[in-house]
Amino acid sequence: MSSNLDPDAALMLRVKQGDKAAFTELVEKYKQPIMNLAYRTVRDMTEAEDLAQNVFVQVYKSASRYKSTAKFSTWLFTIARNLCLNEIRRRSRHPADSFDATHPDQEDQPLQQYEDKKTFSPPESLLQGELAQQIDQALADLPENQRSAILLCRQEELSYEEIAEALGCSVSATKSLIHRGRETLKERLKAYLRTGESKNEN
Amino acid sequence: MNEFDYKTLLEKRWRQKLTPAEEASVREWLAQHPESKADWDLETQLSAGLEKLPEVPVPSNFTARVLQAVERETALPKRSTTDSPRFMHVLRLRAPAAIVSVVLVLFVVTHHQHTQAKRAELVQGVKVVTGVSSLPSPEILQDFDTIRQLPASTGPDPELIALMK
């Protein structure tokens, strides 16, 4: 094993050999950014959890195909984004799934299980400032590719090249997506951003 | 600093805070280009706002649930494709088309067999005709048309028979 191997790639190589501890380590490290991406894509806490869970299950199942030359986080976010896109497509095909619809693989299981909201607070309640709420809403209204580009841009470990790889486009196209998304956000949030000028340091 | 450097620092600010030296360069640039000041301020405020977006809460048992899901996935025996509901769904959708195809194939096969049988019969007929070794000479048939035109109901002529006797 090369000494300059990405530590996550090294963990993934262990996962390839069936090491559950290494897998747990990766889940612990990336569950937060994956949940952020999933929730800000589907805007539903239960679905975001299922989606994020599926991302990691997919990682485990695809471990044999993982090549250590690929950066793990890029590979992970590519899987996450693909599953998010699948969910968006599924929603557009079935805008309102029946509560009684059954799961395709388990006919005795409902298609979706809805958690009792009393046991879990949606993130809206945790949004502190009005600016954060407005940014969250404006992000939700962006086209999917612009939103994903901006959200992946928040991941410090990802370079523009890696964001481009996860989005399946060129670096210049990625920067253009971020630029256009930010232009829309600035236009929409102008009033809020100026109000918060004194509070927000550079 | 030129415009390209300014744009590069702007793109960098999308992702992270600038170093004090970079910030000084930007301030210097903005002093020379005051028309860019408002946009830079909006950019930095938006970046700060995005950085401050709250983290989405992750359930405390998230990792345990992922591991359980992985256990379930790995424990499941690989199902045959014919067991899957999707396969059955596809089968249901395509059954009418399959039935029509079978009927069509049966029709084509039957038609082919019928044509073959007719052809064999024809070949047999041709064989019979070619089997006739000799035909009467044309002289024998010279009065054929006259004989054919005689009335069919005409019986033996008793007068002629008497005379001949």
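**Exercise 1. Determine how many helices and strands chain A has, and how much of the chain is buried.**

Solution. Step 1: chain A has 8 helices and 0 strands, where helices are DSSP runs of H or I with at least four residues and strands are runs of E with at least two, numbered from the N terminus. Step 2: read along the sequence, the pattern of chain A is α-α-α-α-α-α-α-α. Step 3: of the 202 residues in chain A, 34% are buried; a residue is buried if 20 or more other C-beta atoms lie within 10 Å of its own, exposed if 12 or fewer, and partly exposed in between, with C-beta atoms placed from the backbone. Step 4: among contacts in chain A between residues at least 6 apart in sequence, 61% join residues at least 24 apart. Two residues are in contact if their C-beta atoms, placed from the backbone, lie within 7 Å.

The structure is a predicted model, in which local features need pLDDT of at least 70 and side-chain atom pairs count only at pLDDT 80 or more, while totals for chains, interfaces and linings use all residues. Residues are numbered from 1 along each chain as its sequence is written, and chains are lettered from A and ligands numbered from 1 in the order in which they are written.

**Exercise 2. Describe the packing of helix α1 of chain A on helix α2 of chain A.**

Solution. Two packed helices are described by the angle between their axes and the distance between the axes. Step 1: the axes of α1(A), residues 7-16, and α2(A), residues 20-42, come within 7 Å and cross at roughly 140 degrees. Axes are lines fitted to C-alpha atoms, for helices over the stretch in contact, and angles run from 0 to 180 degrees between N-to-C directions. Step 2: that angle makes α1(A) oblique to α2(A), given that angles under 35 degrees count as roughly parallel, over 145 as roughly antiparallel, 65 to 115 as roughly perpendicular and the rest as oblique. Step 3: the crossing of α1(A) past α2(A) is left-handed; a crossing is left-handed if the near helix is turned anticlockwise from the far one by less than a right angle, and right-handed if clockwise. Step 4: from α1(A), A:D8, A:L11, A:M12, A:R14 and A:V15 meet A:A22, A:F23, A:E25 and A:L26 of α2(A). Step 5: the residues of this contact divide into 6 nonpolar, no polar and 3 charged. Here Ala, Val, Leu, Ile, Met, Phe, Trp, Tyr, Cys and Pro count as nonpolar, Asp, Glu, Lys and Arg as charged, and the others, Gly among them, as polar.

**Exercise 3. Characterise α6(A) and its contact with α7(A).**

Solution. Step 1: the axes of α6(A), residues 144-153, and α7(A), residues 160-167, come within 10 Å and cross at roughly 145 degrees. Step 2: α6(A) passes α7(A) in a right-handed crossing. Step 3: A:N145, A:S148, A:A149, A:L152 and A:C153 of α6(A) meet A:I163, A:A166 and A:L167 of α7(A). Step 4: by class, this contact has 6 nonpolar, 2 polar and no charged residues. Step 5: α6(A) is mostly covered, with 8 of its 10 residues buried, among them A:Q146, A:R147 and A:I150.

**Exercise 4. Describe chain B and the side of it that touches chain A.**

Solution. Step 1: chain B comes to 7 helices and 0 strands, and 8% of its 165 residues count as buried. Step 2: 30 residues of chain B are in contact with 41 residues of chain A. Step 3: the elements of chain B that give two or more residues to this side are α1 (3-15), α3 (37-51), α4 (62-75) and α5 (85-131). Step 4: the residues of this side divide into 17 nonpolar, 5 polar and 8 charged.
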